[in-house]
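Please open the model in a viewer and keep the selection tool at hand.

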Amino acid sequence: MKMKKSLALLLSLGLVAFAFTGCGNKDNDDQKQDDGKQEAASSYVWGSASLGSNGYVIIESFVTTINKNKEAVPFQNSSVATGGGAENMQLLDDNEIQFGQGMSSDMANAKNGLEPYGKVIEFNQILGYQNSDLPIVVFEDSAYQKPEDLKGAKIAVGPANGGAAFVAKILFEELGMSDDVTFVYGSWQECADALKVGQADAAVNYHINGKYVTSVFQELYETKPMRAIGVDPAVIESLVEKHEGLFVSKILDGAYPAYKGEQPCVGTTAVLCCRADVPEDVVYTVTKIILENVDKVTEMAPTQLDGFSKEMAINTLVPGYPIHPGAAKYFKEAGLWTDDMVMAE
């Protein structure tokens, strides 16, 4: 009998303690919210791009380098393959990922609530890492010599939610050829395979700094040479004036054996972005580790991060777009911050 009473008393005391503990946690949570502070999570997900693409390899190199610095990083990071920059903007908004690679063209659409989003998406820039050029490419022995020749052609443009697909769409609209071409969507490996077997006639494909192609296209280029088709600079300039995040670029002469002469094309930049609510100290740590280990990240992605440096990290940011306070803190400490840069509130 006494044992039963003792057990009942212990259970009652436990419930009371639980109730007080619960109230205390709620009060603490409310206090944290009132203070406007965001606690660091134990893990963060990074959105990259389709398997084998430049973006996929780069984000893998960033995540691997950060995770190896265990003493400086009290949180874990993991990367997931996605459709690319356009999808990453939506995934950031949905909190499916907390970090992600974005192309400047996708970032502009997200910031302005344009297609495919339909609403304004909030995000912050961290650092830029690549100039990405998007020429139209065909096989060297192809009959296509200029964009106008592509009427009736099938053009591989990567994932439907990727930046290359968006640029291809608005480029052919600007050329007045929207109804004259058919886009072939898929991972970059699937697009390379489609070209190989004749299911696509051309591609709008990323080149890094006017030369290196997506890694899965490299093998294709080596087995069957391809060349770039230049676009009238006036067309590109008109496109750039209408769409933020684009610029006039060019593919370099001799970047590949079949590339003859510089060919004008549309250009974008690639930027590491994050949700605005990722804590300042987390983004500061991420920025610091990446930029103070440039040799290590480029060793894992030598062509994809060709020319990557602290200077490129700020020069390839989209002007006027908010930079996360954590990244801004590191830039100021490193003497990289300039008066025209905008720190997110």
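Predicted model: local features only at pLDDT ≥ 70, side-chain atom pairs only at ≥ 80, totals over all residues.

Residues are numbered from 1 along each chain as its sequence is written, and side-chain values use heavy atoms, with hydrogens and water left out.

**Stop 1: H3 and H4**

Select helix H3 (residues 85–93) and helix H4 (residues 104–111), which pack at an angle of about 40° with their axes 8 Å apart. Axes are lines fitted to C-alpha atoms, for helices over the stretch in contact, and angles run from 0 to 180 degrees between N-to-C directions. That angle makes H3 oblique to H4; under 35 degrees counts as roughly parallel, over 145 as roughly antiparallel, 65 to 115 as roughly perpendicular and the rest as oblique. Helices (H or I, at least four residues) and strands (E, at least two) are DSSP runs, numbered from the N terminus.

Next, display Gly-85, Ala-86 and Met-89 of H3, which meet Asp-106, Met-107 and Ala-110 of H4; contact means heavy atoms within 4.5 Å. The residues of this contact divide into four nonpolar, one polar and one charged.

After H3, centre on Asn-95, whose phi is positive, near 60°.

**Stop 2: H2 and H9**

Select helix H2 (residues 54–68) with H9; they pack at an angle of about 105°, their axes 10 Å apart, and are therefore roughly perpendicular to each other. Here Phe-62, Thr-65 and Ile-66 in H2 meet Val-286, Ile-289 and Ile-290 in H9.

Stay on Phe-62: leaving aside neighbours within four places in sequence, its contacts include Trp-46, Leu-127, Leu-272 and Phe-308.

**Stop 3: H12**

Finally, select helix H12 (residues 325–333), whose buried residues are Pro-325, Gly-326, Ala-327, Ala-328, Tyr-330 and Phe-331. Their cover includes strand E4 (124–134), helix H9 (280–291) and helix H11 (310–315). Gly-335, which follows H12, has a positive phi, near 75°.

Definitions and conventions: Buried < 20%, exposed > 50% of the residue type's maximum accessible area, 1.4 Å probe, protein only. Nonpolar A, V, L, I, M, F, W, Y, C, P; charged D, E, K, R; others polar.
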